[in-house]
Amino acid sequence: MSEEKDRELRALQAALAAEHAAVYGYGIVGGRIGAGQRTEARTAYDAHRARRDALVREVKDLGGRPVAASAGYALPFQVPDSAAAVRLAAELEDRVAGVYADLVRAAGGGRRTLAAEALREAAVRAVRWRGESVAFPGLAERAGTAPPSAAPTA
């Protein structure tokens, strides 16, 4: 496999792993979110499931073996109530945006377009959850302004 394809496959796998974590995280969000935001949480959950499934196909198309979801993920903080669930949803979207920013850099053609679209969607969802935006979604970690690594991890 060429170095370029290998880099793209690694970025696809990272995006897939992030989508697995987001699907898990939204399961937590859905259980704690207030009734008024349940539809938004369900819509985000469904969007991440669809992205996850599409990434599985993309990884296979490049000849890779899709990374499997973990049985559970460590949450970045306790989620005892609706306010914490909203914070978790925004955090999940920020983290997903970050890996899609990496995929935009690594991919070309149609995959780059899909990655940019996924980055935009995650950034928009983060803004909706948070109520405010960031200048460069997905790049906060690189600017040193992100909170300590607290993504749901295996």
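**Figure 1. Surroundings of Leu 55 in the predicted model.** Leaving aside neighbours within four places in sequence, Leu 55 is in contact with Leu 12, Ala 15, Leu 16, Glu 19 and Tyr 100 in this predicted model. The C-alpha atom of Leu 55 is separated by 7.9 Å from that of Gln 13, a residue 42 positions away along the chain. Leu 55 also belongs to the largest nonpolar core, where it is listed with Leu 12, Ala 15, Val 96, Tyr 100 and Leu 103 as having the most contacts inside that core.

**Figure 2. The nonpolar cores.** The largest nonpolar core comprises 22 residues. Helices H1, H2 (38-61), H3 and H4 (109-130) are the elements that each give two or more residues to this core. Another core, of 15 residues, lies apart from it and includes Tyr 26, Val 29, Ala 89 and Trp 129.

**Figure 3. Packing of helix H1 against helix H3.** Helix H1 spans residues 3-32 and helix H3 spans residues 82-106. Their axes come within 9 Å and cross at roughly 170°. Because angles over 145 degrees count as roughly antiparallel, H1 and H3 are roughly antiparallel to each other. The contact of H1 with H3 is made up of 19 nonpolar, 2 polar and 6 charged residues.

Figure 4. His 48 is placed in helix H2. With a relative accessible area of 0%, His 48 is buried. Beyond its neighbours within four places in sequence, the contacts of His 48 are Glu 19, Ala 22, Val 23, Tyr 26, Glu 93, Val 96 and Arg 125.

Figure 5. Gln 13 is found in helix H1. The relative accessibility of Gln 13 is 18%, and the residue therefore counts as buried, since the limit for this class is under 20%. Not counting residues up to four places away in sequence, Gln 13 touches Val 59, Arg 65, Pro 66 and Val 67.

**Figure 6. Ala 106 in helix H3.** Ala 106 has its place in helix H3 and is buried, with a relative accessible area of 10%. Its contacts, apart from neighbours within four places in sequence, are Arg 7, Glu 8 and Ala 11. Ala 106 and Leu 9 are 97 residues apart in sequence, yet their C-alpha atoms are 8.6 Å apart in space.

**Figure 7. Gly 98 in helix H3.** Gly 98 is likewise found in helix H3. This glycine is buried, with a relative accessible area of 7%. From C-alpha to C-alpha, Gly 98 and Ala 123 are 9.5 Å apart in space and 25 residues apart in sequence.

**Figure 8. Glu 121 in helix H4.** Glu 121 is located in helix H4. At 23% relative accessibility, Glu 121 counts as partly exposed.

**Figure 9. Overall architecture and confidence.** The protein chain has 5 helices and 0 strands, giving the pattern α-α-α-α-α when read along the sequence. Of its 154 residues, 40% count as buried. Among contacts in the protein chain with a separation of 6 or more, 80% are between residues 24 or more positions apart. The average pLDDT of the protein chain is 89, and 84% of the residues score at least 70. Over residues 145-154 the pLDDT stays under 50, although the model has 23 contacts beyond four places in sequence for this segment. Where pLDDT is low, the predicted coordinates should not be read in detail.

Technical notes: Residues are numbered from 1 along each chain as its sequence is written. This is a predicted model: local features need pLDDT of at least 70, side-chain atom pairs count only at pLDDT 80 or more; totals for chains, interfaces and linings use all residues. Side-chain values use heavy atoms; hydrogens and water are left out. Axes are lines fitted to C-alpha atoms, for helices over the stretch in contact, and angles run from 0 to 180 degrees between N-to-C directions. Helices (H or I, at least four residues) and strands (E, at least two) are DSSP runs, numbered from the N terminus. Angles under 35 degrees count as roughly parallel, over 145 as roughly antiparallel, 65 to 115 as roughly perpendicular and the rest as oblique. Ala, Val, Leu, Ile, Met, Phe, Trp, Tyr, Cys and Pro count as nonpolar, Asp, Glu, Lys and Arg as charged, and the others, Gly among them, as polar. A nonpolar core is a set of buried Ala, Val, Leu, Ile, Met, Phe, Trp, Tyr and Cys residues joined through side-chain atoms within 4.5 Å. Buried means under 20% relative accessible area, exposed over 50%, partly exposed in between (1.4 Å probe, protein chains only). Contact means heavy atoms within 4.5 Å. pLDDT is the predictor's confidence in each residue, from 0 to 100.
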